[in-house]
Amino acid sequence: MSKPPSSNEYGSYYGGYYYGEGYSGYSENAVGTPSRGIKDYLIMLRERIWWLVVTVFVVFLGVALYTFNAPEQYMAGARLELLREKDRTVQFEDVVNQRILNAEDFNTQIQVMESVNIVTQVRQRLQGSELRRFMAPFEEGLDVSLRGQLSPEQILLRNRRIAPQRMSLMVNVLFSHPDPEVAAIVANYFAEAFIDYTRFEQIEGSRRAVEQLRQQADQELIKIKEMQARLADFKDRYSTTSFDENRDILSQQLIALNVRLEEDKRVYDTMRTRWEQLQRNQERGDPLWELGFIASMPQIPDLLTRLGNIKLEVSSLSKKFRHRHPRMISAVGVQEQIENQLNAAVNSAVASIRNEYERAQANFENSRERLAAQEQRLIEMARLRPDFDALQRDLAISMTLYDHYYSRLQQATVKTALEGQTARIIDRAAPPARPYKPNVSMNLAIGLFGGVALGLGLVFALAILDDKIKTAFDIESTIGLPLIGIIPRISRVDTLEKARIVAEDADRHTIESFRAILSTLKLNEESRNAKVLLTTSTIPSEGKSFVSTNLGITFANHGERTIIVDGDLRMPNIGKSLNLQVEKGSLSYLEGDASLDDVIIKDYLPGLDILPTGGRSKSPTQVLSSEVFANMVHELRMRYNKVIIDSPPLAPVSDALNILPLVDGVVYVIRFNMVKRKTANLNIRRLRESNVPIFGAVLNNINSKVAGYYYAHYYDKSYSQYYFAGADGADDADRSSRKAAAPEPAGTVKS
């Protein structure tokens with residue numbers, strides 16, 4: 001077998017099947033994963049160009065109408081200089097630092113200018129006729145009807161703008177208004193309000209600082225008095241010369257408490273062990289007098305001896321007398337009395353042991369608590385000396401802080417009345433001579449470019465939401481099949497001519513499409529040697545029967561003995577599309593009513609036979625899964641070079657899946673802009689599960705108008721010289737000879 005050409009030299013391979021250079025527009029990525037290129041997006045744009053045109057027109061028109069109907073706005077501006085340091089009359093250090101040292105300080109002042117407090121102060125300055133003149137343009141109009149009446153504060157916020165000048169401490173305070181004089185007045189009010197506000201805040205800040213310094217000085221004075229009192233109390237409670245002596249006494253007491261704790265723990269452990277042994281005997285039901293410490297208790301040894309003796313006596317008497325004998329009754333009574341006395345003595349012993357256990361436990365806990373308390377005293381004593389030293393140091397620090405706060409308080413009190421300005425007005429605002437809004441050229445440019453951007457977004461959004469299969473990218477990337485052929489839409493052709501359009505020679509583009517499919521199938525060894533081909537589709541009306549008949553005619557025209565088998569037992573279409581009126585077909589053979597030769601329509605065209613169904617089946621799945629049908633396909637395989645089985649679509653029914661084990665490969669028909677990618681992909685997965693090769697997909701019924709930009713390499717006017725290169729007379733003669741060789745379209749053929 002000759003090696004096929006590489007994709008770099010001639011074209012592209014996908015899934016082992018070559019389909020020509022640039023056939024799908026993805027020749028560079030055909031071996032790997034297909035991806036969209038610039039051409040695909042241009043195709044999306046071209047297909048939906050009117051969406052873009054309408055969107056641009058609507059947006060541009062809307063912006064133009066708004067621009068030419070918008071009221072004129074005048075902008076006036078005052079220029080301020082922010083001082084790096086405020087004016088000084090005395091050389092006292094600032095209590096409240098308001099210097100501009102870096103960009104953060106400068107931006108802070110800008111934020112103050114943009115604050116609501118400044119707007120409120122400007123609103124308070126607008127009174128009487130100025131306020132009426134300010135509000136007049138905003139009391140009527142479309143904006144008032146839509147949004148309602150705006151307050152003066154809202155208008156001030158909306159129309160004010162603070163514009164710092166780069167690389168300087170200059171700030172422009174701008175305000176826009178339909179009245180140029182009002183715009184200048186309000187801009188100056190903003191500048192004056194900022195200066196007054198910052199000065200007021202400086203004074204208030206200084207006053208707050210003075211008050212804070214006074215509070216801090218008072219607090220330090222209170223702390224000094226408290227620490228002096230604590231030192232005096234400390235000296236009263238502890239002698240400054242007895243720290244070591246007190247520590248020695250406490251250490252000796254701690255040793256004695258440790259000895260006492262060990263003794264109490266030993267007693268407690270002994271009593272706890274006895275108590276636990278006693279509880280275990282009680283739980284097991286063993287006699288408690290078996291325990292040594294119980295058996296040694298007063299009265300218990302004597303009672304145990306007497307009980308043993310009386311039990312021996314009762315045992316001896318039981319051998320001589322019955323249990324109702326007076327001596328037996330007397331002896332048993334004595335035994336019960338001794339047992340009761342023993343139980344009483346044991347219970348008393350248990351109570352005594354319990355009391356001793358609880359007393360030992362209490363003594364142990366008490367000793368442990370006393371030891372912990374003594375240890376805590378030692379720890380406290382260890383902390384006394386550092387606390388005393390710390391009190392003395394804190395007292396010295398507090399006195400130093402008090403002196404500092406008192407000195408700063410005196411300076412701040414003097415400086416509060418001498419605060420300077422942090423900004424000044426360089427240029428006051430004047431009424432502007434011409435409006436700054438609306439900017440016609442800018443608005444129209446924004447409308448144009450905004451419409452283009454919105455239109456492009458709408459176009460690509462529609463393209464992304466469009467889930468129909470249109471391009472080779474959809475076929476290759478979504479369902480993973482090679483595109484082996486593209487068949488154009490055929491108009492003004494009846495059903496019979498369409499089913500045998502290759503034989504009729506009615507459309508040269510379509511004929512060349514089927515020849516290209518045949519050539520593509522012969523490029524691969526597996527598809528070239530395949531004898532039984534199955535044609536199917538995703539949903540009905542995709543043109544699989546049309547592809548089956550014309551592909552069969554193409555094979556026959558190229559010297560291959562071919563038969564077209566109608567495998568759609570539910571809605572057979574081959575006989576109907578070829579205008580064959582038959583009484584018998586494959587169903588007659590499968591039911592045993594006729595032989596295979598009786599139901600085959602032989603030599604429908606030179607080298608082409610047809611096997612219609614001869615009716616509909618009530619149980620198509622059982623028929624297609626039967627051994628008789630498999631034998632029929634095997635027999636056809638032996639007789640013909642190519643067997644083309646037209647099967648039902650995959651989405652509605654599963655008949656095609658029953659035929660798959662009998663065929664050598666599948667040709668999948670997809671109608672342009674009809675099938676959803678998700679649906680096609682789901683059904684292709686079902687086909688792949690059978691491990692039968694899928695030779696490729698045929699894109700059917702593509703509009704010749706859109707084919708030019710979806711598949712420009714395939715549909716080009718310059719190709720027409722290859723389709724119609726011969727003289728008109730030669731083409732007509734060739735077409736006439738083909739029609740003469742074919743049977744009559746409307747004739748009746750009976751098996």
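Hi everyone, let's start in the middle of the protein. The largest nonpolar core here has 47 residues, and the ones with the most contacts inside it are I475, L611, L636, I645 and I670. Keep in mind, please, that this is a predicted model.

Let me pick out L611. Which residues is L611 in contact with, once we leave aside its neighbours within four places in sequence? The list runs I563, I564, V565 and D566, then S586, L596, V599 and I600, and finally M632 and L636. L636, you'll remember, is also among the residues with the most contacts inside that core. Apart from this core lies another one, of 37 residues, including A78, I118, L150 and Y189. As background, nonpolar side chains in soluble globular proteins tend to be buried together.

Now to the helices. Have a look at α2, residues 49-69. This helix has 21 residues and reaches 30 Å from its first C-alpha to its last, close to the 30 Å expected at 1.5 Å a residue. Its buried residues are L52, T55, V56, A64 and T67. Why do these five lie on the same side of α2? Because they cover an arc of only 155° around the axis. On the face turned away from that buried side, α2 carries exposed residues: W50, F57, V58, Y66 and N69.

Next, a pair of helices. α5, residues 128-135, packs with α7, residues 152-159, at an angle of about 65°, and their axes are 11 Å apart. The crossing is left-handed. From α5, the contact is made by L131, F134 and M135, and from α7 by P152, I155 and L156.

Last, some backbone details to click on. Most residues other than glycine have a negative phi, and most peptide bonds are trans. So where does this model have a cis bond? From K437 to P438, with omega near 0°. P438 sits in the loop between β6 (423-427) and α13 (440-465).

Then there are two positive phi values. D603 has a phi of about 50° although it is not a glycine, and D603 is found in strand β10, residues 601-605. Is D603 buried or exposed? With a relative accessibility of 52%, D603 counts as exposed, since the cut-off for exposed is over 50%. The other is N691, whose phi is near 65°. N691 lies in the loop between α26 (677-688) and β14 (694-702), and is exposed too, with a relative accessible area of 68%.

Thanks, everyone!

Definitions and conventions. Residues are numbered from 1 along each chain as its sequence is written. This is a predicted model: local features need pLDDT of at least 70, side-chain atom pairs count only at pLDDT 80 or more; totals for chains, interfaces and linings use all residues. Side-chain values use heavy atoms; hydrogens and water are left out. Helices (H or I, at least four residues) and strands (E, at least two) are DSSP runs, numbered from the N terminus. The expected span of a helix is 1.5 Å times one less than its number of residues. Buried means under 20% relative accessible area, exposed over 50%, partly exposed in between (1.4 Å probe, protein chains only). The arc is that of the directions from the helix axis to the C-beta atoms. A nonpolar core is a set of buried Ala, Val, Leu, Ile, Met, Phe, Trp, Tyr and Cys residues joined through side-chain atoms within 4.5 Å. Contact means heavy atoms within 4.5 Å. Axes are lines fitted to C-alpha atoms, for helices over the stretch in contact, and angles run from 0 to 180 degrees between N-to-C directions. A crossing is left-handed if the near helix is turned anticlockwise from the far one by less than a right angle, and right-handed if clockwise.
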